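Reader: I am new to this structure. Please show me how to read it, one feature at a time.

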Amino acid sequence: MQSNNLDTQQKAVQINLDVSKYGTFAEIGAGQEVARWFFRVGGAAGTIAKSISAYDMTVSDAIYGPCGRYVSRQRLETMLDCEFRSLTDHLGARRGEGTRFFAFADTVAAKSYTRKDDWHGWMGIRFQDSPGSEPSQIVLHVSLLDREAVSQQEAIGVLGVNLIHSAFYEADSQAMVRQLLDGLSGERLEVDLVEFSGPAFEHVDNRLMSLELVHCGLSGAAMFTPSGKVIQPAEVFHKRPILLLRGSFRPVTNVTVDMLHSALAQFEQEPANQGEEILVVTEMTLNNLLQGDAIDKRDFLDRVDILRTLGRPVLISNYGEFYRLANYLQRHTSKPIGLAMGVPTLRQVFEERYYNDLAGGILESFGRLFKNDLKVYAYPGLDPETGAIVTANDLRVAPNLQHLYNFLVENQHVLPLRDFTAEYLSINSREVYQRMRDGDPNWIHEVPPGVALLICQDHLMGYDPAMFEK
């Protein structure tokens with residue numbers, strides 16, 4: 001469905017006929033795919049002050065200065081800086097009172113005679129929200145999934161028109177993200193990073209925009225730092241060992257911290273990780289966030305605010321099954337990968353009903369999960385009937401799968417965590433959450449002090465201090 005019932009051509013026409021907007025197009029890599037739309041529909045003189053392609057590296061460096069990588073955010077930012085400054089310097093005095101200037105840029109590595117894979121690019125627009133105002137900016141990273149060069153070029157063109165049109169005619173940033181897919185599909189491209197900045201977006205939380213990328217199907221995953229800055233997952237994962245902890249984090253408890261510390265201590269001891277810079281990631285899936293078809297934004301932000309206390313980047317993904325998550329990580333690094341999880345979650349991984357959509361069922365899922373020597377680090381739990389500690393070595397699964405499970409343990413694909421705090425094993429995050437909302441003060445002792453302080457100070461997750469006064 002097209003936003004406002006406009007297709008790509010109609011969007012380009014609307015922009016061309018709007019005399020209040022005027023800008024520059026600078027495109028490197030796939031061709032003049034975005035500018036071409038505005039030339040093709042007619043009336044481009046009302047929109048385009050200049051269109052440029054600096055394909056030769058020497059020429060590109062002469063215009064924008066040298067850089068380490070030509071398809072990078074650094075190069076995109078330099079292009080936007082240079083083109084917007086040039087435009088306003090030359091035309092600001094003459095028509096600045098009635099014109100909203102903009103600079104659009106992209107730098108793309110599309111399919112070519114020399115590049116057979118890893119097709120991706122950076123795209124952005126810097127624009128004035130009103131004549132003479134300080135500029136605002138939208139930047140995104142896109143991966144191209146079409147197999148043919150001409151299809152990739154077409155996708156870049158449509159995406160660029162969508163970006164420009166939404167920047168000028170859509171006030172809601174969440175709607176802007178959704179409109180990037182107009183005339184396209186998630187099978188043709190992925191947008192795994194979008195960042196809004198400047199006065200037009202001073203109230204936009206880019207963490208919510210990352211969530212929207214995944215929720216609307218633009219990407220399978222998106223990532224941001226503990227401070228909330230969005231980052232490109234592939235770039236962060238590249239050639240690094242990864243230890244990942246999935247959870248609902250509602251809230252972070254003493255178990256969360258103990259599990260992460262114990263898993264990291266063992267992961268660091270792996271011979272292949274000696275001297276490596278290990279990346280520790282916390283991850284939430286849409287399944288952990290959705291309430292029906294909707295997401296409670298306040299609840300999501302409360303959780304990621306609490307996750308800041310761990311000091312680790314946060315990954316939001318639509319990979320509900322662990323084998324899909326593992327495949328995603330393995331696309332971006334050849335280094336060791338470790339998944340930390342509790343024994344109850346590990347038991348669920350061995351439930352065959354989760355793999356009915358795979359031709360090879362649970363065996364196929366494990367083949368995908370444990371390839372490249374991925375390891376699961378299992379945090380113990382308590383037997384609900386006896387209260388005894390259950391480690392990965394003690395876990396019993398369905399009888400027809402026990403031999404498979406034993407094989408994975410014996411070959412150290414599944415490892416019990418050795419150093420854990422036994423007194424934490426009785427902590428259940430759902431019970432902590434409920435006690436917190438019911439006014440039972442004992443929840444404070446089951447979460448790290450920094451988490452308790454943050455929840456109490458900022459009244460996160462529905463915490464109401466008045467409950468303790470009753």
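Reader: Which residue with a positive phi follows H7?

Author: First, the ground rules. This is a predicted model: local features need pLDDT of at least 70, side-chain atom pairs count only at pLDDT 80 or more, and totals for chains, interfaces and linings use all residues. Residues are numbered from 1 along each chain as its sequence is written, and side-chain values use heavy atoms, without hydrogens and water. Helices (H or I, at least four residues) and strands (E, at least two) are DSSP runs, numbered from the N terminus. Here, Gly-217 follows H7, with a phi near 90 degrees.

Reader: Is H7 mostly covered or mostly open?

Author: Buried means under 20% relative accessible area, exposed over 50%, partly exposed in between (1.4 Å probe, protein chains only). Helix H7 (residues 206–215) is mostly covered, with 9 of its 10 residues buried. Among them are Arg-207, Glu-212 and Val-214.

Reader: In what order do the strands form the sheet?

Author: Strands of a sheet pair through backbone hydrogen bonds, either parallel or antiparallel. Two strands count as paired if DSSP finds at least two bridges between them. Here 6 strands make an open sheet, E2-E1-E3-E4-E5-E6, with mixed pairing. Its edge strands are E2 (48–52) and E6 (189–197).

Reader: How many bridges join E3 to E4?

Author: There are 8, between antiparallel strands E3 (residues 100–109) and E4 (residues 120–128). Ala-105 has Gly-124 in E4 as its bridge partner.

Reader: Which residues have the most contacts inside the largest nonpolar core?

Author: A nonpolar core is a set of buried Ala, Val, Leu, Ile, Met, Phe, Trp, Tyr and Cys residues joined through side-chain atoms within 4.5 Å. The largest has 115 residues, and Ile-125, Ile-138 and Phe-300 have the most contacts inside it. H5 gives the most to this core, 9 residues.
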